[in-house]
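Hello,

Here is the structure I promised to pass on to you. My notes on it follow below.

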Amino acid sequence: SLAGAFGGLLATTIGKMGGVGGYSSWRWVFILEGLITVVISVFLYFITSDFPEEVKWLAEEEKAFIKQRFSNDVGDSGHCHCTCCYPCVTSIAPQYTPSSLLFSHHT
């Protein structure tokens, strides 16, 4: 596979770097692979969109499909039903008073 070919080439190159900069070759493995990971992650942080509505390369039908899949996946789990936040308290038990919230805890 392509990953195996590049992995072997990279391992051979790094193996020959022993002594460069005063570091042994096993340290160069961590330095170079870590550096590659950091550079790619910083690049992808600015390219990747948080929401399908924001991307420009999807058609409107594809955006609607992805949004529907997200809502099907979340289901009812998007609601916390706790006794800590005001929306949950007013939706599941309107008899709670603000003072009773001070003595409750999130479970």
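In these notes, a residue is buried under 20% relative accessible area, exposed over 50% and partly exposed in between, using a 1.4 Å probe and protein chains only. Please keep in mind that this is a predicted model, where local features need pLDDT of at least 70, side-chain atom pairs count only at pLDDT 80 or more, and totals for chains, interfaces and linings use all residues. Residues are numbered from 1 along each chain as its sequence is written, and side-chain values use heavy atoms, with hydrogens and water left out.

Let me begin with the aromatic rings. Rings of Phe, Tyr and Trp (its six-membered ring) pair if their centres lie within 6.5 Å; planes under 30 degrees apart are called stacked, over 60 edge-to-face, and the rest tilted. The structure holds three such aromatic pairs. One of them joins W26 and F30, which is edge-to-face because the ring centres are 6.3 Å apart and the planes stand at 85 degrees. Both residues sit in helix α2 (residues 25–47), four residues apart, or about one turn of the helix. Helices here are DSSP runs (H or I, at least four residues), numbered from the N terminus. W26 has a relative accessible area of 53%, so it counts as exposed, and F30 is exposed too, at 61%. Y45 and F46 form another edge-to-face pair, with 5.2 Å from centre to centre and 85 degrees between the planes. Y45 and F46 are both exposed.

Next, the charges. How many salt bridges does the structure hold? There is one, counting a side-chain nitrogen of Lys or Arg within 4 Å of a carboxyl oxygen of Asp or Glu. It links the side chains of K63 and E60 at 3.7 Å, N to O. The two partners lie three residues apart in helix α3 (residues 60–74), about one turn of the helix. K63 is buried, at 13% relative accessibility, whereas E60 is exposed, at 54%. Leaving aside residues up to four places away in sequence, K63 touches P52, E53, V55 and L58, where contact means heavy atoms within 4.5 Å.

Finally, the largest pocket. Its lining includes P52, V55 and L58, along with F51, W57 and I66. The lining divides into seven nonpolar, two polar and two charged residues; Ala, Val, Leu, Ile, Met, Phe, Trp, Tyr, Cys and Pro count as nonpolar, Asp, Glu, Lys and Arg as charged, and the others, Gly among them, as polar. A pocket is an open set of points on a 1 Å grid over the protein atoms alone, where a 1.4 Å probe fits, with protein on both sides within 12 Å along at least five of seven lines; lining residues have an atom within 4 Å of a point.

Best wishes

Methods: Helix = DSSP H or I, 4+ residues; strand = E, 2+ residues; numbered from the N terminus.
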